[in-house]
Amino acid sequence: MRYFYLVWVIGLLFASGARAAGANEDIQLFDTHIHYSHDAWDQLPPKNAISILRAAGIKWAFVSSSSDDGTQMLYKAAPDLIVPVLRPYRKRGELETWFRDETVIDMIEQRLSKNTYAGIGEFHIFGEDANLPVMRRIVLLAKQYGIFLHAHSDAAAVEIIFAQNPDARVLWAHSGFAPAKRLRTMLEKYPNLRADLSFRSEPGVEGAIGDAWRQLFLEFPDRFTFGTDTYTPERWNDVADHATWTRDWLKALPDELAEKIAFKNAQALVGWALGN
Ligand SMILES: [Zn+2]
């Protein structure tokens, strides 16, 4: 068992009882959408980035970065907090070209053999591009390593990924920016689909939750995860406020459901990777 897994097993055991005494206002958060890309490194050194996460009460985070070196720096600084996810980009600006670039596969394979990751992503893939050889290989590698795919995609690409591997686990970035109705259809159709809530303002309007979203959360309590998305260096300034805002609207849900969205569903994704 690698060090990464050991840290995780210990972390998960600890977490299972950690909120027993806590009220909803200090609910722990597992941020499933953090990037620490090259243009953030100078102005926000690793220890400062970690401080921001900790100050926001974020106890765990899926981190993927352009390049992966950013993720490795954060992981080294805080292995109890950071859960590495492997992004197929080496620098900003590759999100529209990566899936036609065969050299991406070499990089991904090398990194997977050297380090430990809970998933591959976040990558951007839309429609039929999900059938291109690079994406097909990514789906296979995720299967081989037993890790999830973090996809910023339309519904068509998600369908193609599941056609390639019906047992894949897909964390749908931004819940696909899909309207609640479309989201429901996809969650019903694909039991292994998870959806992160980064950049979705609909669930929390002034601390309330709209009926459509409340209904979705109640129907699919195990499928949604909290996420911020630090897609630019400036976005790191919003981490604390976003966490506060999220805690606020989570209060409108039953405690057990709030905990699932806040951190337990993300932990389950890690647990699934550990089980492989
Ligand atoms: Zn992102």
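Author: Let's start with D222, which counts as partly exposed because its relative accessibility is 39%. (Buried means under 20% relative accessible area, exposed over 50%, and partly exposed in between, using a 1.4 Å probe and protein chains only.) Keep in mind that this is a predicted model, where local features need pLDDT of at least 70, side-chain atom pairs count only at pLDDT 80 or more, and totals for chains, interfaces and linings use all residues. Residues are numbered from 1 along each chain as its sequence is written, and side-chain values use heavy atoms, with hydrogens and water left out.

So who does D222 pair up with? Its side chain meets that of K260 in a salt bridge, 2.7 Å from N to O. That pair links distant parts of the chain, 38 residues apart: K260 sits in helix α10 (residues 255–274), while D222 is in the loop between α8 (211–219) and β8. (Helices, H or I with at least four residues, and strands, E with at least two, are DSSP runs numbered from the N terminus.) A salt bridge here is a side-chain nitrogen of Lys or Arg within 4 Å of a carboxyl oxygen of Asp or Glu, and by this rule the count comes to 17.

Another one joins R54 and D80, at 3.1 Å from N to O. R54 lies in helix α2 (residues 46–55) and D80 in the loop between α3 (68–77) and β3 (82–86), so this bridge ties together parts 26 residues apart in sequence. R54 is partly exposed, at 42%, and D80 is partly exposed, at 42%.

Then there's E259 with K264, at 2.9 Å from N to O. E259 is buried, at 11%, whereas K264 is partly exposed, at 33%. Elsewhere, salt bridges that share partners join R90, K91, E94 and D101 into one network.
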